[in-house]
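Biologist: I would like to go through this model piece by piece. Where shall we begin?

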Amino acid sequence: MSAQPDHAPVTSYAPAPGAPAELLAQLRADSRADTWAPAFEREWSAALEESRRTFSLAGLYEVLQKWQGRLASAPAVDAFVASGYDDSDFIDMAELRGRRR
């Protein structure tokens, strides 16, 4: 037998107490604020309700990590789109699946 806990392991990432407010301020300052800020608020609220129900902070941490990643990668995505990279050779898998039928 193992002495492993029977519950989900705690995430090693623990944000600062003010991280959600700081992230929301950054999202509101971004050019995508009209869509990103409300989306973050919805996901944060849902994770907060889950946290209250389960007594786990993992969902809250996950929402923060995901949105921090989106915000951090936004400049690279913008640069890629602005570069005019030709992605016309992209394969649409849904279209490809439709051809097989």
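Modeller: This is a predicted model.

Biologist: Is Leu 27 buried or exposed?

Modeller: The cut-off for buried is under 20% relative accessible area. Leu 27 has a relative accessible area of 0%, so the residue counts as buried.

Biologist: Which residues does Leu 27 touch, leaving out those up to four places away in sequence?

Modeller: Contact here means heavy atoms within 4.5 Å. Leu 27 also belongs to the contact of H1 with H2. Beyond four places in sequence, the residues touched by Leu 27 are Ala 33, Trp 36, Phe 40, Trp 67 and Leu 71.

Biologist: How far apart in space are the C-alpha atoms of Leu 27 and Gln 68?

Modeller: Along the sequence, 41 residues separate Leu 27 from Gln 68. In space, C-alpha to C-alpha, the value is 9.3 Å.

Biologist: Pro 20 is also in helix H1, residues 19–29. Why does Pro 20 count as buried?

Modeller: Buried means under 20% relative accessible area. Pro 20 counts as buried because its relative accessibility is 17%.

Biologist: How do H1 and H2 run, roughly parallel or roughly antiparallel?

Modeller: Their axes are 8 Å apart and the angle is about 155°. Angles over 145 degrees count as roughly antiparallel. So H1 and H2 are roughly antiparallel.

Biologist: Which residues make that contact, and how many are nonpolar?

Modeller: H1 supplies Pro 20, Leu 23, Leu 24, Leu 27 and Arg 28. H2 supplies Ala 33, Trp 36, Ala 37, Phe 40, Glu 41 and Trp 44. By class, the contact of H1 with H2 has no polar residues, 2 charged and 9 nonpolar.

Biologist: What about H2 and H3: roughly parallel or roughly antiparallel?

Modeller: Helix H2 covers residues 33–54 and helix H3 residues 58–82. Their axes come within 8 Å and cross at roughly 160°. That angle makes H2 and H3 roughly antiparallel.

Biologist: Is the crossing of H2 and H3 left-handed or right-handed, and how is the contact made up by class?

Modeller: The crossing is right-handed. From H2, the contact includes Trp 36, Phe 40, Trp 44 and Ser 51. From H3, it includes Val 63, Leu 64, Trp 67 and Leu 71. By class, the contact of H2 with H3 has 12 nonpolar, 2 polar and 3 charged residues.

Biologist: Ser 51 lies in helix H2. Is Ser 51 buried or exposed?

Modeller: Beyond four places in sequence, Ser 51 touches Ser 56, Leu 57 and Leu 60. The relative accessibility of Ser 51 is 10%, so Ser 51 counts as buried.

Biologist: Now the whole chain. How many helices and strands are there?

Modeller: From the N terminus on, the elements run α-α-α-α. The counts are 4 helices and 0 strands.

Note on methods:
Residues are numbered from 1 along each chain as its sequence is written. This is a predicted model: local features need pLDDT of at least 70, side-chain atom pairs count only at pLDDT 80 or more; totals for chains, interfaces and linings use all residues. Side-chain values use heavy atoms; hydrogens and water are left out. Helices (H or I, at least four residues) and strands (E, at least two) are DSSP runs, numbered from the N terminus. Buried means under 20% relative accessible area, exposed over 50%, partly exposed in between (1.4 Å probe, protein chains only). Axes are lines fitted to C-alpha atoms, for helices over the stretch in contact, and angles run from 0 to 180 degrees between N-to-C directions. Angles under 35 degrees count as roughly parallel, over 145 as roughly antiparallel, 65 to 115 as roughly perpendicular and the rest as oblique. A crossing is left-handed if the near helix is turned anticlockwise from the far one by less than a right angle, and right-handed if clockwise. Ala, Val, Leu, Ile, Met, Phe, Trp, Tyr, Cys and Pro count as nonpolar, Asp, Glu, Lys and Arg as charged, and the others, Gly among them, as polar.
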